[in-house]
Amino acid sequence: MRLLAFLLALGARPAGLTPRNHRISLHVGDRTRRYIVHVPPQAREGRPLPVVLSFHGGGGTGQSMQDYARTDRVADREGFLVVYPDGTGRWRRRLLTWNAGSCCGYARDRGVDDVGVVRALLDDLARRTRVDARRVYATGLSNGGMMAYRLAAEAGDRIAAIASVAGGMVVDSIRSPRPVPILHIHSVDDPRALYGGGLGPPFPFTNARVLQPVMDSVSARWVAFDRCPATAAVGDTVRGRPGSAAAAHTATPITYGPCADGTEVVLWKLTGAGHVWPGATAQAWQEYVGPPTDVVDANTLMWRFFSRFSLPR
């Protein structure tokens, strides 16, 4: 590690991580934090690559997010790094959460500085491989989507754009030094992160409940902060494939823009789907989260959005 720091101080470039999954640990404060980084084949070219931080939902892990969302397929096609960090939990690597503000669980209760952890993680990753620091993005599901919002609100100097899936913003203020492009994907029929806000149902096997924000109000806060036009452009509604399990599902894009510095705030409003990552297959917890959907593919929408934005020089 000292040798690596010495070489970096001399201006040497990291040799780069090889194309595969790498499991990495780093010490932040008094904790050991872990993350998986998926390196695409394009890393062999030696050029700096964009980064997508992908945050698991409450009770998940980086590994479970990688297995469920399957963002690696898009990363291998488009050429970006995907980082799947672990949150923290009372039982080491189980029931992990993110301190996204007023949610969730152990991380919130202990006041874990997950924004600081992400900053340290990005520094650690840049020491290991070539990263395009102007093209770092954040996404996540549920509590992970909330964490992406917190990064937009408090780390806009490092995060070029975010995409939240089924998770609203639960911090009180936006302190980003710049407008941040926002993509939000959410079903009005989500049984856990209620689109209209209010207390969601208890987490399985617990009495813990989360007060959800009104999702339209979350978008409105960013429309105001990013200085967007007050009137949105409503796109064509996408409908599920006839004969499929999602045949009755819909997805409608609502776009505010162009906003300050060329940013946008985009809401994909779904119907029929549950508390899920669109495009992913059914999971074991379906009775708690509701039906999966393939009416749209979250990975495709996300990267199409991210690829249009970078931090200013």
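The structure, a predicted model, holds 12 salt bridges. The chain contains nine helices and 13 strands, and 53% of its 313 residues count as buried.

**Salt bridges**

- Side chains of opposite charge can pair when their charged atoms come close.
- E45 and R47 meet through their side chains in a salt bridge, with an N to O distance of 2.8 Å. E45 is exposed, at a relative accessible area of 54%, whereas R47 is partly exposed, at 37%.
- A salt bridge also joins the side chains of E154 and R175, at 3.5 Å from N to O. This pair links distant parts of the chain, 21 residues apart: E154 belongs to helix α6, and R175 to the loop between β6 (161–165) and β7 (182–187). E154 is buried, with a relative accessible area of 18%, while R175 is exposed, with 55%.
- In the salt bridge between E264 and R308, the closest N and O atoms are 3.1 Å apart. E264 sits in the loop between β12 (250–256) and β13 (265–271) and R308 in the segment after α9 (298–306), so the pair ties together parts that are 44 residues apart in sequence. E264 is buried, with a relative accessible area of 15%; R308 is partly exposed, at 47%.
- D124, R127 and R128 are linked in a network of salt bridges.

**Largest pocket**

- Of the elements, α4 gives the most, with four residues.
- By residue class, the lining of the largest pocket divides into 21 nonpolar, 16 polar and five charged residues.

**Overall fold**

- Taken along the principal axes, the C-alpha atoms fill a box of roughly 55 × 45 × 40 Å.
- Among contacts in the chain with a separation of 6 or more, 62% are between residues 24 or more positions apart.

**Cis peptide bonds**

- C103 and C104 are joined by a cis peptide bond, with omega at about 20°. C104 is located in the loop between β4 (81–85) and α4.
- The peptide bond from G257 to P258 is also cis, with omega near 0°. P258 is placed in the loop between β12 and β13, and E264 lies in the loop between β12 and β13 as well.

**Residues with positive phi**

- S142 is not a glycine, yet has a positive phi of about 60°. It is found in the loop between β5 (131–141) and α6. With a relative accessible area of 17%, S142 is buried because the value falls under the 20% limit.
- R227, likewise not a glycine, has a positive phi of about 55°. R227 lies in the loop between α7 (215–225) and β10 (233–234). At 56% relative accessibility, R227 counts as exposed, because the value is over the 50% limit.

Terms used: Residues are numbered from 1 along each chain as its sequence is written. This is a predicted model: local features need pLDDT of at least 70, side-chain atom pairs count only at pLDDT 80 or more; totals for chains, interfaces and linings use all residues. Side-chain values use heavy atoms; hydrogens and water are left out. Helices (H or I, at least four residues) and strands (E, at least two) are DSSP runs, numbered from the N terminus. Ala, Val, Leu, Ile, Met, Phe, Trp, Tyr, Cys and Pro count as nonpolar, Asp, Glu, Lys and Arg as charged, and the others, Gly among them, as polar. A salt bridge is a side-chain nitrogen of Lys or Arg within 4 Å of a carboxyl oxygen of Asp or Glu. Buried means under 20% relative accessible area, exposed over 50%, partly exposed in between (1.4 Å probe, protein chains only). Contact means heavy atoms within 4.5 Å.
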